[in-house]
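Dear colleague,

Please find the structure below, handed over for your review. My notes on what was found in it follow.

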Amino acid sequence: MNGKISANNVEMNRTSVCRSLTAAAASWLRRAPSIWLLIFCTGYSPAAQRYTPPANHRLDLIVDANWRFIRQDIPGAAGAGFDDSSWTNVNLPHTWNNLDGQAGVKNYYRGMGWYRKHYTPDKSLADRHCFLKFDGAFSVTDVYVNGGFVGEHRGGFAAFVFDITPYLNLGADNVIAVKVNNAMNADIPPLSADFTFFGGLYRDVHLLVTDPVQISPLDHSSPGIYLRTTGVSSNSANLQVTALISNATATVQTVTVRTVLTDAATNIVTVLTNIVALQPATATNIAANTTIAKPHLWNGRSDPYLYRTFTEVWKGSKVVDVVSQPLGFRCFSVDPNLGFFLNGRHYDLHGVSMHQDWQDRGWAITDAQRNTNFMLLKEIGATAVRLSHYEQDDYIYQLADQNGIVVWSEIPLVNRITESPAFYANAEQQLVELIRQRYNHPSVVCWGVFNEITMHPGPRPVNLVRHLTQLAAEEDPTRPSTSAANARDDEPSTWCTKLNALNRYFGWYDGTLGEFGPWADNIHGHYPDRCIGVSEYGAGASIYQHSEDPVLEPENSGHYHPEEYENRFHETYWQEMQARPFLWCKFVWNMFDFAVAGRSEGDTPGRNDKGLVTYDRQVRKDAFYYYKANWTTDPMVYITGHTFTNRLTNTITAKVYANCDSVELFLNGISQGAHTSTNCIFTWPVTLSGGANYVKAIGNKDTVQTTDSLVWSAPALLPASGRRVDAEAPDGPVANSLR
């Protein structure tokens with residue numbers, strides 16, 4: 001690849017990311033059976049009028065309540081008459097590893113668990129089609145209805161759907177039985193990883209009810225609607241809407257497929273209409289195209305403007321199905337020397353990587369908890385998030401769309417591979433699922449095909465990576481592939497994807513602080529035409545462990561991870577990265593502490609403590625505020641050491657993170673002077689009195705004043721002996737909890 005990667009057509013020596021639909025790229029749209037006759041196709045742009053969606057024949061019922069569960073394999077548990085009365089009653093989402101998976105024991109339970117639910121569908125559902133949709137289960141899931149085997153899904157992070165219409169008894173009791181297995185499986189990535197594999201039905205389960213003629217949910221659990229934007233600018237944008245329409249009847253059905261595009265205020269922008277004759281027992285791709293004049297662009301954090309499409313299926317004068325999808329018009333490009341551009345303007349992609357687990361909940365989290373995650377992402381000023389290391393719940397992508405946070409989304413190809421055809425096929429499956437399920441989200445700008453794939457010994461991954469890179473381009477030519485590599489700079493698999501990124505931990509796992517800048521300059525010099533980013537960097541930190549100056553690098557695998565070293569690490573790294581605009585992305589590892597069953601380090605076994613926020617989301621660490629000072633513009637000031645309440649000596653350096661023009665520090669009511677800074681770091685040498693010391697920082701930015709304060713306890717000197725007496729540690733919770 002040479003030169004700039006772009007989301008619009010560019011000159012011949014540059015590689016386009018977003019181009020017209022090619023035969024190769026369209027191949028997936030042709031894989032479903034599609035025998036159909038186009039009778040009529042039209043599009044029009046009416047005068048501004050509000051759109052009111054018609055009454056929808058489709059039902060989406062959450063069936064999370066009142067499941068029976070047992071954490072073992074039980075012969076006969078699939079049977080309708082099986083007695084599950086002794087099992088535990090649970091509500092979904094649920095995982096059986098929420099406690100042992102975070103306890104720091106390598107032998108946390110990895111095996112089978114069974115779920116059973118009794119359900120009575122109403123007789124009114126006669127002549128309808130019923131589907132079971134699972135938003136996520138780890139990792140092999142077998143589904144039975146009334147003792148009949150419906151199907152198996154292999155993979156732990158994508159949604160999946162089964163048609164259960166032939167198995168249901170309407171108006172009577174039905175038994176849904178689900179066996180989930182999170183044991184290691186050599187045919188399914190990830191084979192291993194530096195995070196806990198939480199078993200169970202850890203996301204929602206839905207009963208979808210549709211007309212026999214419907215927008216199909218069976219294409220890898222995609223929405224069945226695919227929105228492709230090309231040629232996007234502030235003047236115009238091309239839009240192609242493809243709907244996968246299924247005719248499950250035994251006769252030809254003539255239907256009207258009508259897509260209404262609305263703006264954010266639900267005003268109709270344009271309407272696309274196709275009239276088609278659907279052959280019996282087929283699924284058909286129906287495509288329509290239009291050009292939108294002067295689109296309101298989706299413009300990241302500053303203006304995440306969203307349109308919506310409503311695709312209606314009509315049989316005569318009756319609407320039988322409606323599916324709505326988000327739509328954002330944006331173009332982006334990546335330049336090897338200048339980094340990322342959004343809608344023709346440089347847009348710095350800085351942010352964090354983020355796992356999906358939460359203390360005591362594992363992966364079985366709620367939308368309210370996902371909202372908290374995004375509240376913190378917005379507060380810190382992230383423009384991008386890397387969803388590590390797997391496809392996450394659709395609500396996460398919705399939040400990213402709505403809040404203007406750019407997304408790197410990836411599959412869980414981690415640590416090593418096997419070369420079996422089954423492993424290759426499952427990696428392909430997970431990539432196709434990811435792309436088709438998240439295809440319409442404007443926040444997503446790239447598809448990640450692996451993370452640290454050479455971490456453990458095994459077969460060379462380069463052939464698989466090349467294959468997945470090609471597959472990603474065929475599935476979606478509008479977004480580039482990327483990868484997160486940790487191998488030597490000359491490892492071939494590092495350079496297969498269109499965009500490249502590396503995980504580098506100078507001053508933690510290897511090297512010393514200050515080596516990142518020379519390394520980045522060197523690799524940029526060796527690969528001047530490659531788009532290079534940083535997919536991970538970080539250091540561990542305990543809010544209960546602290547160090548006065550000089551702050552020395554701790555042993556990364558040890559149990560002492562002082563918070564002050566994390567501060568020093570990020571101060572050094574960010575200043576080195578900020579000075580190098582060729583880095584197309586910069587992702588801190590990690591936003592939150594997370595569970596790793598095999599780790600025993602820091603203050604808590606079973607935890608990776610590199611997060612900027614604690615695992616329970618209750619405490620923002622100092623480094624969180626360092627990035628907030630650098631990444632946000634609303635005036636803020638923060639005194640480091642809110643969790644370091646008992647200082648180890650009297651003579652210390654007081655440090656403040658702020659984005660203000662000047663900051664004045666007060667110690668016990670006495671000014672220590674007003675300082676300015678060019679890097680958001682303000683320091684003062686101070687001498688603390690024995691006992692309590694009251695510290696206040698006042699920041700001024702333009703005409704706005706902001707403050708922060710805390711109390712430090714310092715050692716006391718006994719006049720008679722001159723010996724130092726350490727202040728007693730206070731009881732109570734750590735300061736700086738979420739408010």
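The buried residues of helix H5 (516-526) are in contact, with heavy atoms within 4.5 Å, with strand E32 (500-503), strand E33 (532-536) and helix H6 (563-578). Helices (H or I, at least four residues) and strands (E, at least two) are DSSP runs numbered from the N terminus. This is a predicted model, in which local features need pLDDT of at least 70 and side-chain atom pairs count only at pLDDT 80 or more, while totals for chains, interfaces and linings use all residues. Residues are numbered from 1 along each chain as its sequence is written, and side-chain values use heavy atoms, leaving out hydrogens and water.

Phe-516, Gly-517, Trp-519, Ala-520, Ile-523 and His-524 are the buried residues of H5 (buried is under 20% relative accessible area, exposed over 50%, with a 1.4 Å probe and protein chains only). Viewed down the axis of H5, they fall within an arc of 160 degrees, so they line one face of the helix; the arc is taken from the directions from the helix axis to the C-beta atoms. Pro-518, Gly-525 and His-526 are exposed on the other side of H5.

The largest pocket holds about 960 Å³ of space (a pocket is an open set of points on a 1 Å grid over the protein atoms alone where a 1.4 Å probe fits, with protein on both sides within 12 Å along at least five of seven lines; lining residues have an atom within 4 Å of a point). The volume is the space filled by probe spheres set on the points, which are joined across faces, edges and corners. Of its 36 lining residues, Asp-60, Lys-133, Gln-325, Asp-394 and Gln-398 are the closest to the centre.

Yours sincerely
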